[in-house]
Amino acid sequence: MEKSRQFVALLLAALWLGTLSTAAVLIWVLHWRGGLAWDSGLLEFNWHPVLGTIGFIVISGFALIVYRLPWTWNFSKSLMKNIHAGLNTVTFILMVISLVAVFDFHNSKKIPNMYSLHSWIGLAAVIMHALQVALGLCIFLLPFTPVYIKAFYMSIHVFTGLFIFGMAIIAAEMGITEKLIFTLRSGSNVTLSYSQSPPEAMLVNALGIFILVYGGCIFWIATQSEWKRPPEQVKDNTSTEEAPTLNKTNVLEGSMDCDLESTPRLRQINLEDVGQRATF
């Protein structure tokens, strides 16, 4: 029960921090950076931090933990796979738009592309995310993919997803700092430079803290074994009750999807007991 309270507390914290991150980046670009437009200028560039925060941080983070929500354990695993894939696909689409915006802005202003560490890590994360989505769709959603291939790739898929999310957080932290240094530098047409901590700098620094702590909450939820979706929780599509037995293939796939440990016996799950037993 104590573990259940910890899960709910961390989940609520992640929801709150994701909301704060979204609100902070919108206030930043709408109040201090002039707003949003598609004009090959600074207003087009503003889509980059907005979509990067909403897509690669907030939505991508919740895609990592969607299987962990006990309230979804009565849903079929195939439905949750589609939700997970859908969230990651939305993330990819938003990141493509954000990259088009920043490249379009750079090219129109004759600014070099891909010279900063932020751009290297960010683009690498987007490319890896695209490959992750493509492989995930092919391996886990195509019905004819052999189970042994799913089993082999599962641990790689889980690790890579967390690694890409970590890359996104690092790129975001570097990107917002880089933007502040460029726009609030000494000698430019600003009232106060970044080093003098104007309100804009304080807001964006707070945004960086929100993103960092949000990432910590997501990583903690995603790596705790006792909060995994139980492999024996299977929803019967033709009944409101759980199926009493599973065929050998379903047992193997259900266990493999929850980190490939030996398949436990099918039994009724008490959601209040979620924090009391490991489900690896």
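Let's start with two helices, H3 (residues 47-65) and H7 (residues 199-223): their axes come within 9 Å and cross at roughly 20 degrees. Here helices (H or I, at least four residues) and strands (E, at least two) are DSSP runs, numbered from the N terminus. The axes are lines fitted to C-alpha atoms, for helices over the stretch in contact, with angles from 0 to 180 degrees between N-to-C directions. That crossing makes H3 roughly parallel to H7 (under 35 degrees counts as roughly parallel, over 145 as roughly antiparallel, 65 to 115 as roughly perpendicular and the rest as oblique).

A quick word on what you're looking at: this is a predicted model, where local features need pLDDT of at least 70 and side-chain atom pairs count only at pLDDT 80 or more, while totals for chains, interfaces and linings use all residues. Residues are numbered from 1 along each chain as its sequence is written, and side-chain values use heavy atoms, with hydrogens and water left out.

Back to the pair. Which residues in H3 meet H7? They are Thr 53, Ile 57, Val 58, Gly 61, Phe 62, Leu 64 and Ile 65, and on the H7 side you'll find Ile 211, Tyr 214, Ile 218, Ile 221 and Ala 222. Contact means heavy atoms within 4.5 Å.

Now zoom out. The protein chain has eight helices and zero strands. Take the contacts between residues at least 6 apart in sequence: 74% of them join residues at least 24 apart.

Next stop, His 106, which sits in helix H4 (residues 77-108). His 106 counts as buried because its relative accessibility is 15%. Gly 41 is 65 residues away from His 106 in sequence, yet their C-alpha atoms are 8.6 Å apart in space. Leaving aside neighbours within four places in sequence, His 106 touches Ile 111, Pro 112 and Asn 113.

Finally, follow the loop between H4 and helix H5 (117-141), where Lys 110 is placed. Lys 110 isn't a glycine, but has a positive phi of about 60 degrees. Lys 110 is exposed, at 74% relative accessible area. Met 114 is found in the loop between H4 and H5 too, and this non-glycine residue has a positive phi of about 60 degrees. At 29% relative accessibility, Met 114 is partly exposed.

Definitions and conventions
Buried means under 20% relative accessible area, exposed over 50%, partly exposed in between (1.4 Å probe, protein chains only).
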